[in-house]
Amino acid sequence: FQNFELEEGEHACRRRTYQRHPVSNRATPVGGNRHVLYASYLSQNQQNYRSFSASSDQERIEAANRIIHGLPRCVKIVEVGPRDGLQNEKNTVPTPVKIELIKRLVTSGLSVVEATSFVSPKWVPQLADAKDVMEVVRNITGVSFPVLTPNLKGFEAAAAAGAKEVAIFASASEAFSKSNINCSIKESLVRYNDVALAAQKREIPVRGYVSCVVGCPVEGSVPPSNVAYVAKELYDMGCYEVSLGDTIGVGTPGTVVPMLEAVMSVVPVEKLAVHFHDTYGQSLSNILVSLQMGISVVDSSVAGLGGCPYAQGASGNVATEDVVYMLNGLGIKTGVDLSKVIAAGEFICKHLGRQSGSKAATALSKVTASASKL
Amino acid sequence: FVSWDLPRFVKVVEVGPRDGLQNEKNIVPTSVKIELIHKLVASGLSVVEATSFVSPRWVPQLADAKDVLEGIQHAPNVRFPVLTPNLRGFEAAVAAGAKEVAVFASASESFSKSNINCTIEESLARYRDVTSAAKKHGIRIRGYVSCVVGCPVEGAVHPSKVAYVAKELYDMGCVEISLGDTIGVGTPGRVVPMLEAVMAVVPADKLAVHFHDTYGQALANILVSLQMGIGVVDSSVSGLGGCPYAKGATGNVATEDVVYMLHGLGIETNVDLGKLMDAGDYICKHLDRPSGSKTATALCRALFRHNRKL
């Protein structure tokens, strides 16, 4: 047996101890606790065809247990709107507006808000005011504000500006790595190792991101083993969490599950996060299977800010409001007040002169008072 | 690792021409409706809800029900259910050549009264007349239950109510019961207990799910439904059909997004996504609106940028 003890996460969510039985491959409960089952996508040849006779009570109860009762009790939401959301906006958002957005997001209860990025303003002019944003944000207590640092130089600038947490990005696809950050995966990992070492010296936690985990705009499909390799490298170099990103939003549970299986065999599940893009409308179902697999950290962007740079006009990040709505409906604690996130989303959308990318936010703002009894 | 017993094949029931178009303000010409239906059939869809035989006073958009039904080319193995709210509508449908009809009951008493002006029991009595008549004519009936996880008037709806109505429809002769989240408020947390309750009284293979995407929850709800053993999903091309209870909010889930997910899961549908997108493109061009399908939008724009190797 493999015996995993799942520790208490940041939000004191107790997870249950389980064993993986080698013969039946079914996770069985220890001490009578309810169990979390890992699901696997089988190839069409292997899939069981479900004969549609009336299911027994037992079968139904077991199905329901597998589907929604084994999910994490708490999920941490990592809000990426101010960075991932805003970075591709054509019109520069004024620094005070960015800061106000961050403050409103903090009020909603979000405990991690990606504040900005210390990349060269040549590449991301929108975030040229990183230092100014950090100056204000560093004084807000009780919330983490990771900032992107693509290299040592960016890290030094971030540390000087008072950043207490940084983030690094590696790709699971060689072609994407070369086209996006102009170097191979290995070269980027060397770079990041320098950042990780420097961060370690200053006791600054590092969050790792893996991009193109289920698809690459250049290469097409990405082997799960590539993702596992990069995730493990980031984890081994000291990242406290590795966020797995479906950069172009092409993933479905069919590709997400094998990818998670591969990564989870080399990085503990409680150190993983998922970062799905909603470009094909698939993110909530991808998030759901991730929860079923034991993932308990989800990245999202208020109002669905942040389009897809690879399909102009298509949507990008999944909307925080839609994610919170689903988690609330599942009885999963997030610590986030949905109405306050909606308010933060309204604030930034007003500034951008655009409609929210969140369906839940849109519906809740238009629905009649009686319908909102739910 | 444990596998889910996902269905190998999922039947997609296309409701765009009826549920999708019925709330459109501007009347869509009969010829356009017919062409849309033909394009949907060409994509491989085997069930396309063609129209509704309700009074034109209530649904002016579908006043041309008879002409639509008479105008569509009937393909083998393709079914065109039409809505029939009562015996009168049923007779009109049969006269126009309908081979399959659909009836709608609500799991919520308040919604039944506000939507069709009668209690659940009264509506069921009405539908028993329709199903008896249908049986005599050898016509199939599909039953819909609305408000299966939430009602715009009452709020939460208890799963036992849904099970009750579903069972009544099933017992009176409906070959399939479609469970509808009319206002799109459901999440897997509510959907699963609702399905548990219904599946205790109606066989899983007689059930379909009809989720609205008003809160963006439809695909997640469909996924858990598949995991529970449901093998029939209703959807609307391009996500046609807004939510009448939250003006401007979306309604039906887009068929393209559903098919994309099903194919990604290795589930067969017999639907060609490219041809489906053509149908969506066609109607959106006519309505002069962007598609409500994220998959269709992404695939259109992605094609301009690079060859999709996926």
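This is a predicted model: local features need pLDDT of at least 70, side-chain atom pairs count only at pLDDT 80 or more; totals for chains, interfaces and linings use all residues.
Residues are numbered from 1 along each chain as its sequence is written, and chains are lettered from A in the order in which they are written. Local features need pLDDT of at least 70 and side-chain atom pairs count only at pLDDT 80 or more, while totals for chains, interfaces and linings use all residues; side-chain values use heavy atoms, with hydrogens and water left out.

Helices (H or I, at least four residues) and strands (E, at least two) are DSSP runs, numbered from the N terminus. In chain B, helix 9 (residues 218-228) and helix 10 (residues 255-264) pack at an angle of about 45 degrees, and their axes are 11 Å apart. Axes are lines fitted to C-alpha atoms, for helices over the stretch in contact, and angles run from 0 to 180 degrees between N-to-C directions. Helix 9 and helix 10 of chain B are therefore oblique to each other (angles under 35 degrees count as roughly parallel, over 145 as roughly antiparallel, 65 to 115 as roughly perpendicular and the rest as oblique). The contact (heavy atoms within 4.5 Å) involves B:Leu219, B:Ile222, B:Leu223 and B:Leu226 of helix 9 of chain B and B:Asp257, B:Val258, B:Met261 and B:Leu262 of helix 10 of chain B.

Helix 1 (residues 57-69) of chain A has as its buried residues A:Arg60, A:Ala63, A:Ala64, A:Arg66, A:Ile67 and A:Ile68. Buried means under 20% relative accessible area, exposed over 50% and partly exposed in between (1.4 Å probe, protein chains only). These residues cover an arc of only 165 degrees around the axis, which puts them on the same side of helix 1 of chain A; the arc is that of the directions from the helix axis to the C-beta atoms. They pack against helix 10 (283-293) of chain A, together with helix 8 (188-199) and helix 9 of chain B.

Helix 10 of chain A contains A:Asn286, which is buried at 0% relative accessibility. Leaving aside residues up to four places away in sequence, A:Asn286 touches A:Asp246, A:Gly251, A:Thr252, A:Pro253, A:Val256 and A:Phe276.

Two loop residues remain. A:Glu203, although not a glycine, has a positive phi of about 60 degrees. It is placed in the loop between helix 7 (185-201) and strand 10 (206-211) of chain A and is exposed, with a relative accessible area of 70%. B:Asp288, a residue other than glycine, has a positive phi near 60 degrees. B:Asp288 lies between helix 11 (273-287) and helix 12 (294-305) of chain B, in the loop, and counts as exposed at 68% relative accessibility.
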